[in-house]
Amino acid sequence: IPNVYFGSDIETQDIETALSATGRPYQKFENVEAKAARYLAEGRVIARASGRMEYGPRALGNRSILYQATDTTVNKWLNETLNRTEFMPFAPAILRTQAAKYYEGYETDHRAAEFMTITYDATDRCKQEAPAVVHIDGTARPQVVDEMTNPGFHQLLTEYEKLTGFPQVINTSFNMHEEPIVRTAEEAVRAFESSKLDVLVLGDYILESE
């Protein structure tokens, strides 16, 4: 199978209805991925709900919370913000073309790595550049992102790499603790407003926190 984006999509009308209900200004972008990448490069925490929902145990970019992987202090902050426990490590999403530089033993035919299901030993470069995604035992479980698998998320990571020089970000599921991953536009807005996250990317639209 080429991907696991088998879930429901989010319709534009539903996005506009959910965003309008907040009573706050929001904006639609022609290139929303480039704008989201710029927010990430500025150190903002992004909640992204875009395209068809992922099937399976992992958030794979379409219902994800994203942040720079360079700052280890974010782990504690995110856990507190999302009411999660400390033992839950944060995993990275990385461009496929760069994965072998950061994860020992990664090969391009490791298809399961596209679904964030293989753990690798992190290279010294990974430990230095992306310490927030390296677990205490020196490993990480990356989502390797390919343009054919998820062109939108791939573009976001590509734009982020252009701005920062780093090809990976933290990727954790977009939900509050003990709640299911958000599925609809309404759920995405509700979860965003109950958290302390900075920016909601909902389809081609962006809503900033107050």
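A polar contact is taken here as a pair of N or O atoms within 3.5 Å; within protein, one atom must be able to donate a hydrogen and the other to accept it, and residues adjacent in sequence count only if both atoms are side-chain atoms. By this criterion the side chain of N3 reaches the backbone nitrogen of Y5 at 3.0 Å. The structure is a predicted model, in which local features need pLDDT of at least 70 and side-chain atom pairs count only at pLDDT 80 or more, while totals for chains, interfaces and linings use all residues. Residues are numbered from 1 along each chain as its sequence is written, and side-chain values use heavy atoms, with hydrogens and water left out.

N3 is placed in the segment before α1; helices (H or I, at least four residues) and strands (E, at least two) are DSSP runs numbered from the N terminus. With a relative accessibility of 17%, N3 counts as buried, where buried means under 20% relative accessible area, exposed over 50%, and partly exposed in between (1.4 Å probe, protein chains only). Contact is defined as heavy atoms within 4.5 Å. When neighbours within four places in sequence are left aside, N3 is in contact with F115 and T149. The C-alpha atoms of N3 and N150 are 8.1 Å apart, although 147 residues separate the two along the chain.

T149 belongs to the loop between β7 and α6 and is buried, at 14% relative accessible area.

Strands of a sheet pair through backbone hydrogen bonds, either parallel or antiparallel. Two strands are counted as paired if DSSP finds at least two bridges between them. Eight strands form an open sheet of mixed pairing, in the order β1-β10-β9-β2-β3-β8-β4-β7. Strand β4 (residues 91–95) pairs with β7 in the parallel sense over three bridges, and A93 has Q143 of β7 as its bridge partner.

Helix α1 packs on this sheet, where it touches β9 and β10, and its direction makes about 15 degrees with that of β10. For such angles, axes are lines fitted to C-alpha atoms, for helices over the stretch in contact, and the values run from 0 to 180 degrees between N-to-C directions. Helix α7 lies across β2, β9 and β10 and runs at about 175 degrees to β9.

In helix α1 (residues 12–20), the buried residues are I15, A18 and L19. These residues cover an arc of only 95 degrees around the axis, which puts them on the same side of α1; the arc is that of the directions from the helix axis to the C-beta atoms. On the other side of α1, Q13 and T17 are exposed. The elements covering the buried residues of α1 include α7 (185–194), β9 (199–202) and β10 (205–208).

The buried residues of α7 are A185, A188, V189, A191 and F192. Viewed down the axis of α7, they fall within an arc of 165 degrees, so they line one face of the helix. Their cover includes α1, β2 (46–49), β9 and β10.

Side chains of opposite charge can pair when their charged atoms come close. A salt bridge is defined as a side-chain nitrogen of Lys or Arg within 4 Å of a carboxyl oxygen of Asp or Glu, and nine salt bridges were counted by this rule. One of them joins D146 and R96, with the closest N and O atoms 2.9 Å apart. This pair links distant parts of the chain, 50 residues apart: D146 lies in the loop between β7 and α6 (151–164), and R96 in the loop between β4 and α4 (99–102). D146 is buried, at 15% relative accessible area, whereas R96 is partly exposed, at 26%.

R125 and E129 also form a salt bridge (3.2 Å, N to O). Both lie in helix α5 (residues 124–129), four residues apart, which is about one turn of the helix. R125 is partly exposed, with a relative accessible area of 35%.

A further salt bridge joins E42 and R44, with 4.0 Å between the closest N and O atoms. E42 is exposed at 52% relative accessible area, and R44 is partly exposed at 23%. Together with E208, E42 and R44 are linked in a network of salt bridges.
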